[in-house]
Amino acid sequence: MIYTITFNPSLDYIMKLNEFDAGETNRSVSESIFPGGKGFNVSTILERLGYKNTALGFVAGFTGKEIEKQLESRGFYCDLIQLDEGISRINVKMKGEVETEVNASGPNIPNDKLEELLLKLDCLKDEDTLVLAGSIPPTLPDDIYESIMKRLSHKKIRIIVDATNQLLLKVLPLHPFLIKPNLRELEEIFNTTIHNQEELIQYARELQGRGAINVLISLGKDGAILISEDNHVYMCPSAKGKLINSVGSGDSMVAGFLAGYLKNKDYKDAIQLGSACGGANAFSEDLANKEMIDSVYEQLEVKTLI
């Protein structure tokens, strides 16, 4: 079974504007609301690719009820913990000539509710997969991903971590199956500017040397590069299409990579399907559907660089 965790879900209120003037009254031309959270995004794409999975996490208040209501229609199983106080976040995403986001902090997660989640994780079995993705609320310890991986280290569980900075660096010695920084995040980790593909591969290999089994670097319009555990480097170019929505593309890539890998344990197919899901998402109003993913997949051709 595949499990995802969304520690700090949201309702994403998306407003499209012709233009945005700071300090002035702005009027949108259209609005939409979707449940947000990296784990939920991964679960959604996995379900659309035919992979059953369970979404874990926390919800609170009237927004939490709406999140659960909207997720029910997506087909995967939700085993969410209801918090007694606060409300799940409402994040505002304004899309005009440029995208602007205002993300809320989220509710407090008390220790007893965190322990409830950990007890659920104790039920995971050998060969299960767990996806840890996204930021964590400020009320949780900043080593929560590390703590979860240590707690499960006696089992043969495949763990994917899509996080930034210290959240990511702390888990590397515990050998996550996959990490997926983008180019900007890779530069932030090493406090440097990466000028070319050779440098990018060098820094990605350093993360692998610190413990990551596979390192997938998303490069936006320039595609993606995978440094795999079998010592190969694969490059997949980006698909051709009109950018409509960048939100969730990285999560879609993670889901596609996992689905591609589980199909036949082939890393070349994993990066191709991951890139197809990321691209299809970018060309869709919401998370991509299977038809769009299949169409983009046929465009792509993976190159083995090493």
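A polar contact is a pair of N or O atoms within 3.5 Å; within protein, one atom must be able to donate a hydrogen and the other to accept it, and residues adjacent in sequence count only if both atoms are side-chain atoms. The model shown is predicted: local features need pLDDT of at least 70 and side-chain atom pairs count only at pLDDT 80 or more, while totals for chains, interfaces and linings use all residues. Residues are numbered from 1 along each chain as its sequence is written, and side-chain values use heavy atoms, with hydrogens and water left out.

**View 1. Asp162 in strand S9.** Asp162 belongs to strand S9 (residues 158-162); strands (E, at least two residues) and helices (H or I, at least four) are DSSP runs, numbered from the N terminus. With a relative accessible area of 5%, Asp162 is buried (buried is under 20%, exposed over 50%, partly exposed in between; 1.4 Å probe, protein chains only). Its side chain forms a polar contact with the side chain of Lys38, at 3.4 Å. Leaving aside residues up to four places away in sequence, Asp162 also touches residues including Leu132, Lys180 and Asp251 (contact means heavy atoms within 4.5 Å).

**View 2. Helix H1.** Helix H1 spans residues 38-48 and is mostly covered, with nine of its eleven residues buried. Among the buried residues are Phe40, Val42, Ile45 and Leu46. Gly50, which follows H1, has a positive phi, near 95°.

**View 3. Pro173 in a loop.** Pro173 lies in the loop between helix H5 (165-169) and strand S10 (178-179). Pro173 is exposed, as its relative accessible area is 56%. The C-alpha atoms of Pro173 and Glu146 are 9.3 Å apart, and these residues are separated by 27 residues along the chain.
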